[in-house]
Amino acid sequence: MATLRLGDTAPDFTTETTDGEVSFYDWKGDSWAILFSHPKDFTPVCTTELGRVAALKDEWDKRNVKVIGVSVDPIDSHHEWAKDIADVGGTALNFPLIADPDRTVADLYDLIHPNANDTLTVRSVYVIGPDNKVKLNLTYPASTGRNFDEIVRAIDSLQLTANHSVATPADWTQGEDVIIAPAISDEDAKERFPAGWDAKKPYLRYTKQP
Ligand code: BEZ
């Protein structure tokens, strides 16, 4: 079992999903991707989570993000449960759900945390960049449903900071001022941010979102 850290290469795999067989790298291409796990089919929190992710399809598409879910339940169970997800959430399942009864994907992505539960996958989220590197990883316990607005917000930050020498402050959302990366000297910053900045501290320089 691997521990995957930020900057590591996300492992490739070929697996059975509700959309048929998926080879992860081929399916993902050079898009961004979210791979997220949930503990079990036909459970309440998971049902709300998968419905929410399906309802956010336009947000994923706008950001060139492909989404794939995973749990250790078998494919027939996933197909049956998909009807409930559509019924409860109001949006049909519109992304592949991996059936991982032999735990191939769970082991590759360290999704079973034995001190929480030794058979079920936890609620992990991996955001994977176009270069197939892990950009963000978070893990919640079974009893706490995730906030997918936060995942969208974090992807906005990841995509912005991948292309500009900036960082985003606490609670930042799209369109708000950003922070000039500490590695950029004031001299360099004059060239890169000609509109200037507001230095709250020498190391904390706010500027307009590029
Ligand atoms: C749930 O999705 O509601 C859930 C799943 C596993 C354990 C506890 C809750």
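Modeller: The largest pocket is lined by Asp19, Trp27, Val53, Lys57, Trp60, Asp61, Val65, Lys66, Val67, Asn94, Phe95 and Pro96. On a 1 Å grid over the protein atoms alone, a pocket is an open set of points where a 1.4 Å probe fits, with protein on both sides within 12 Å along at least five of seven lines; lining residues have an atom within 4 Å of a point. This is a predicted model: local features need pLDDT of at least 70, side-chain atom pairs count only at pLDDT 80 or more, and totals for chains, interfaces and linings use all residues. Residues are numbered from 1 along each chain as its sequence is written, and side-chain values use heavy atoms, without hydrogens and water.

Colleague: Which helix and strand each supply at least two residues of the lining?

Modeller: Helix 3 (57–62) and strand 4 (65–71) do so; helices (H or I, at least four residues) and strands (E, at least two) are DSSP runs, numbered from the N terminus.

Colleague: At what angle do helix 2 and helix 4 pack?

Modeller: Axes are lines fitted to C-alpha atoms over the stretch in contact, and angles run from 0 to 180 degrees between N-to-C directions. Helix 2 (residues 44–55) and helix 4 (residues 75–89) pack at about 70°, with axes 9 Å apart. They are therefore roughly perpendicular, a term for angles of 65 to 115 degrees. Cys46, Thr47, Leu50 and Gly51 of helix 2 meet Trp81, Asp84, Ile85 and Val88 of helix 4, contact being heavy atoms within 4.5 Å.

Technical notes. Parallel < 35°, antiparallel > 145°, perpendicular 65-115°, else oblique.
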